[in-house]
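Take a look at the sequence and the coordinates first, and then read on.

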Amino acid sequence: MAITGTPAASSAAITHRTHVGIDFVVKATPRRVQWAVAFAMFGRNATVDEVALQIERAHSTVWGYLSEFIVAHPDHPLDAWVPPETAQAIADAAASTGVQYLRPIFDKLEGAVGYDAIRMVVTRLKALSAS
């Protein structure tokens, strides 16, 4: 992923390579620059807190960016955001409840795991099944 030009310049652009090796270029709006920074940080396993602080966005926004990152990079380990044993428990619960809705997974885990972690694991399961 590369950012060319400056965000204020009308010719600024972001080039992003998807997990299947396709490049695309988009106009570098402030949101897209933040998105690109978040993706780069996630690629280095930065935490949601670190990314939120760096790009000055709410945690909910950063969790959304992380979800997009997982879709683009489904083979990237989730360990930085969801502990492996938690991810396995979520995957096991999802195997019996399905992945269409998060609430049945949350209930199966008796509320012990938050929705953000559930959402990330389910996003990854869906992304892996689609590829």
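This is a predicted model: local features need pLDDT of at least 70, side-chain atom pairs count only at pLDDT 80 or more; totals for chains, interfaces and linings use all residues.

## Terms and overall fold

Helices here are DSSP runs of H or I with at least four residues, numbered from the N terminus.

The protein has 6 helices and 3 strands. Along the sequence, their order is β-β-β-α-α-α-α-α-α. The chain holds 131 residues, of which 36% count as buried. Among contacts with a separation of 6 or more, 44% join residues 24 or more positions apart. The protein exposes about 7,400 Å², and carbon and sulfur atoms supply 55% of that area.

## Helix α6 and its cover

Which residues of α6 are buried? They are Ala117, Ile118, Met120, Val121, Val122, Thr123 and Ala127. The cover over these buried residues includes α3 (59-72), α4 (84-97) and α5 (103-108). As a general point, an α-helix has 3.6 residues a turn, so residues three or four places apart point the same way.

## Where α4 meets α6

The axes of α4 and α6 come within 10 Å and cross at roughly 65 degrees. Angles of 65 to 115 degrees count as roughly perpendicular, and α4 and α6 are therefore roughly perpendicular to each other. Their crossing is right-handed. On the α4 side, the contact is made by Ala87, Ile90, Ala91 and Ala94, while α6 brings Ala117, Ile118, Val121 and Leu125.

## Glutamine 34

Is glutamine 34 buried or exposed? Its relative accessibility is 16% and the cut-off for buried is under 20%, so glutamine 34 counts as buried. Leaving aside residues up to four places away in sequence, glutamine 34 touches Ile55, Arg57 and Tyr65.

## Two loop residues with positive phi

Most residues other than glycine have a negative phi. Asparagine 45 has a positive phi, near 65 degrees. This asparagine lies in the loop between α1 and α2 (48-55). With a relative accessible area of 38%, asparagine 45 is partly exposed.

Glutamate 110 also has a positive phi, near 55 degrees, and is found in the loop between α5 and α6. Its relative accessible area is 73%, so glutamate 110 is exposed.

Note on methods
Residues are numbered from 1 along each chain as its sequence is written. Side-chain values use heavy atoms; hydrogens and water are left out. Buried means under 20% relative accessible area, exposed over 50%, partly exposed in between (1.4 Å probe, protein chains only). Contact means heavy atoms within 4.5 Å. Accessible areas come from the Shrake-Rupley method with a 1.4 Å probe; for residues, only the protein chains shown count as cover. Axes are lines fitted to C-alpha atoms, for helices over the stretch in contact, and angles run from 0 to 180 degrees between N-to-C directions. Angles under 35 degrees count as roughly parallel, over 145 as roughly antiparallel, 65 to 115 as roughly perpendicular and the rest as oblique. A crossing is left-handed if the near helix is turned anticlockwise from the far one by less than a right angle, and right-handed if clockwise.
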